[in-house]
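I opened the model today to look up a few strands, a helix and the ligand site. My notes follow in the order I took them.

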Amino acid sequence: MKKRVVIIGAGHGGVQAASTLREEGFEGEIIMISDELDAPYQKPPLSKGYLQGKQNAQAILFRSENYYNDNAIDLKLGVRVAKIDSEKNEINLSDGAVIAYNYLIIATGACNRRLRFNGHIAEKVYYLRNFSDAKMIEEKINPASHIVIIGGGFIGLELAALAVEKNKKVTVIETEDRLMKRVLPETLSKVFYETHVAHGVEMILGVSVVDIIDGKKIKLSDGNEIDADLILAGIGVIVESELTENSEVLFNNGIVVNPFQQTNIENIYAIGDCANHYNPFAKKSLRLESVQNAVDQAKVAAAHIVERPFEYNTVPWFWTNQYHLKLQMAGISFGFDEAIIRQSPKPECFSVYYFKEEKLIGVDSLNRPADHLNARKLLTAGISPSKMEVADFEFNLSGLLKQEI
Ligand SMILES: Cc1cc2nc3c(=O)[nH]c(=O)nc-3n(C[C@H](O)[C@H](O)[C@H](O)COP(=O)(O)OP(=O)(O)OC[C@H]3O[C@@H](n4cnc5c(N)ncnc54)[C@H](O)[C@@H]3O)c2cc1C
């Protein structure tokens, strides 16, 4: 009898899981359920090419319109999975339908954290998570002259860059004393700060928003007030436990999975932003919010279902584009004890190599795509150049890979 895989979510993880199952020869049924109305699309371009006006809706789709039919992937759009019944191997949809599964893959991503003051969610503040949000922001940005962005993380800053390029007055408010502090060292925060300021962005750092009145007036912790035509916020994401709440599936800051992406229920998998996994590069359990993580975990779950299992063990990587600055990150650098800069002769082209106990653990590359690709290979192979080799721009780091072969 043919088996059925049900995938909840048609984002980066969900679509990759369905594709890999077919590529690996899975002949059973695949049902993929999305609570969004739009055909499955990529998220990173929303805060880059799409809102910049450089990519249209068609250009950001994962697959052609026919792909799902041609590959016998039953894509159900605009319907939410409300409940998982792991005893009966069934899910309940918001429209009342019940679907049975042999394997279930949860690829439901994460949701934006929302600003709350006095126990209430602030009104008329816009967040970017999906295509409907992007369409809404597109509509709101055009007539606005002063846009205030709360949060100096990746998404907030990508929005700031595209808004200023549309000749808007832009103010960014960040609680920390520097940009992207959670993930970047001071050297890189400074380059991004200076570039935004040079483009005319007003940066307010080290100050919190304490209230927002009617989506127009922002009150700050230092007593100042700012008037805005439009308020956007990018203050991080959370994974909601709603879906797993009444099931046996273990939840702890995300759905807890083993190296094969299985939850505590063996025929239920979780992948991507929603999966709390032990990461061998971070040497701890965490959730990663990146395309790489969603795509690679999807491949692991699919391989396990077709009984060709392998463990999740991929070097984490991520990128952000702001103006001419293209930052690519490989590995996980937190906990580093020394950071060495490899400076190319060109300005704003360098990589930061992070070491922990003499071992390379991560590399951030600014406008240096070749360094990034090389770093991923070195980290994958577990090859650690010395700090002197890294600091010497003339030293050929990729040669270390050849020696290994
Ligand atoms: C604006 C933006 C820019 C980004 N830029 C980058 C970048 O530059 N580089 C990078 O690596 N990453 C980036 N990311 C992060 C990256 O997009 C995510 O890490 C990735 O999408 C995670 O994939 P996923 O499959 O886990 O979740 P998602 O792609 O978020 O897909 C989850 C889907 O499940 C649906 N869903 C949720 N609950 C249910 C339910 N109960 N029933 C049915 N459907 C449900 C959701 O609506 C969503 O469509 C960006 C994200 C955003 C929002």
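**Strands.** I started at Gln-328 and looked across to β28, where Ser-365 stands opposite. This is a predicted model, so I read every value below as computed from a prediction. I then checked how β25 and β28 (residues 359–366) run: they are antiparallel, with five bridges joining them.

Next I turned to β24 (residues 317–322). I counted six bridges from β24 to β25, and this pair is antiparallel as well. For one position I noted the partner: Thr-320 is bridged to Leu-327 in β25. How many residues lie between β24 and β25 in their hairpin? I found two. Tyr-323 sits in that turn and has a positive phi of about 55°.

Is β25 mostly covered or mostly open? I had it down as mostly covered, with six of the seven residues in 325–331 buried. I kept in mind that in a regular strand the side chains alternate between the two faces of the sheet.

**Helix α9.** I checked the length of α9, residues 369–381. At 1.5 Å a residue, its 13 residues should span 18 Å. I read 19 Å between the end C-alpha atoms, which agrees.

I then listed buried positions in α9: Asp-371, His-372, Asn-374, Ala-375, Leu-378 and Leu-379. An α-helix has 3.6 residues a turn, so residues three or four places apart point the same way. After the helix comes Gly-382, and I noted its positive phi, near 70°.

**Ligand site.** I moved on to the ligand. Which residues are closest to it? I wrote down Gly-13, Asp-35, Glu-36, Lys-48 and Asp-273, out of 30 that surround it. By type, I sorted the shell into twelve nonpolar, ten polar and eight charged residues.

- Glu-36 places a side-chain N or O atom 2.4 Å from a ligand oxygen.
- Lys-48 has a polar side-chain atom 2.6 Å from a ligand oxygen.
- Val-291 uses a backbone N or O atom, 3.0 Å from a ligand oxygen.

How much of the ligand's accessible area does the protein cover? I noted 95% of the 990 Å² that the ligand has on its own. I also asked which elements give two or more residues to the shell. They are α1 (12–23), β2 (29–34), α8 (291–305) and β24.

Methods: Residues numbered from 1 in each chain as written. Predicted model: local features only at pLDDT ≥ 70, side-chain atom pairs only at ≥ 80, totals over all residues. Heavy atoms only, no water. Helix = DSSP H or I, 4+ residues; strand = E, 2+ residues; numbered from the N terminus. Expected span 1.5 Å × (residues − 1). Buried < 20%, exposed > 50% of the residue type's maximum accessible area, 1.4 Å probe, protein only. Pairing = 2+ DSSP bridges. Near = heavy atom within 4 Å. Polar contact = N/O pair within 3.5 Å; in protein donor to acceptor, adjacent residues only side chain to side chain. Areas by Shrake-Rupley, 256 points an atom, 1.4 Å probe, with all protein chains shown as cover. Nonpolar A, V, L, I, M, F, W, Y, C, P; charged D, E, K, R; others polar.
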